Amino acid sequence: MDDREFRLYLKIDVTELDLWVEQGWLAPDISEGRRRFRDADLARARLILDLTRQMGVNEAGVDVVMELVDQLHGMRGSMRSLVLAINRQEAAIQQRLLDALEELDDGVR
């Protein structure tokens, strides 16, 4: 989706969109000098709108929330890789790992 379509869809002006990009809240692809937005950008923009317009969160708060969203996304990717690595192990190793995780979980409670 190009810059104009993105802004029209969200009902925001170019100044607001520029701020979001400058703050690093959105990172569109740049092709031939034009910004191109993906579905992930649209989801992030909707979150930004909810935070700022519905919940009254200021810029500093949006920074924190977006950083946490990015960290969560990164951790989900790491967990996905870990699960794949565990699934490639022999059954006995998988069971030892599961047992160790249970022990850790029991120790937290």
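Colleague: Is Arg-53 buried, partly exposed or exposed?

Modeller: This is a predicted model, and in it Arg-53 is partly exposed, with a relative accessible area of 46%. The label follows from the cut-offs, because buried means under 20% and exposed means over 50%.

Colleague: Which side chain does Arg-53 meet in a salt bridge?

Modeller: The partner is Glu-16, at 2.9 Å from N to O.

Colleague: How many salt bridges does the rule give?

Modeller: The count is eight. One of them joins the side chains of Asp-2 and Arg-34, at 4.0 Å from N to O. Asp-2 sits in the segment before α1 (3-10) and Arg-34 in strand β2 (residues 34-36), so 32 residues separate two distant parts of the chain.

Colleague: Are Asp-2 and Arg-34 buried or exposed?

Modeller: Take each residue on its own. Asp-2 counts as buried because its relative accessibility is 17%, under the 20% cut-off. Arg-34 is exposed, with a relative accessible area of 52%, and the cut-off for that label is over 50%.

Colleague: Which residue does Arg-35 meet in a salt bridge?

Modeller: The side chain of Arg-35 meets that of Asp-18, at 2.8 Å from N to O. Arg-35 is buried, at a relative accessible area of 16%, whereas Asp-18 is partly exposed, at 27%.

Colleague: Which residues are joined with Arg-35 and Asp-18 into one network?

Modeller: When salt bridges share partners, they can be read together as a network. Here the network consists of Asp-3, Arg-7, Asp-18 and Arg-35.

Colleague: Now for another arginine. Where does Arg-44 lie, and is Arg-44 buried or exposed?

Modeller: Arg-44 lies in helix α3, which covers residues 39-54. Arg-44 counts as buried because its relative accessibility is 18%, and the cut-off is under 20%.

Colleague: What does Arg-44 touch?

Modeller: A contact list is read with sequence neighbours set aside, here residues up to four places away. On that basis Arg-44 touches Gly-24, Trp-25 and Leu-26, and also Met-66, Val-69 and Asp-70.

Methods:
Residues numbered from 1 in each chain as written. Predicted model: local features only at pLDDT ≥ 70, side-chain atom pairs only at ≥ 80, totals over all residues. Heavy atoms only, no water. Helix = DSSP H or I, 4+ residues; strand = E, 2+ residues; numbered from the N terminus. Buried < 20%, exposed > 50% of the residue type's maximum accessible area, 1.4 Å probe, protein only. Contact = heavy atoms within 4.5 Å.
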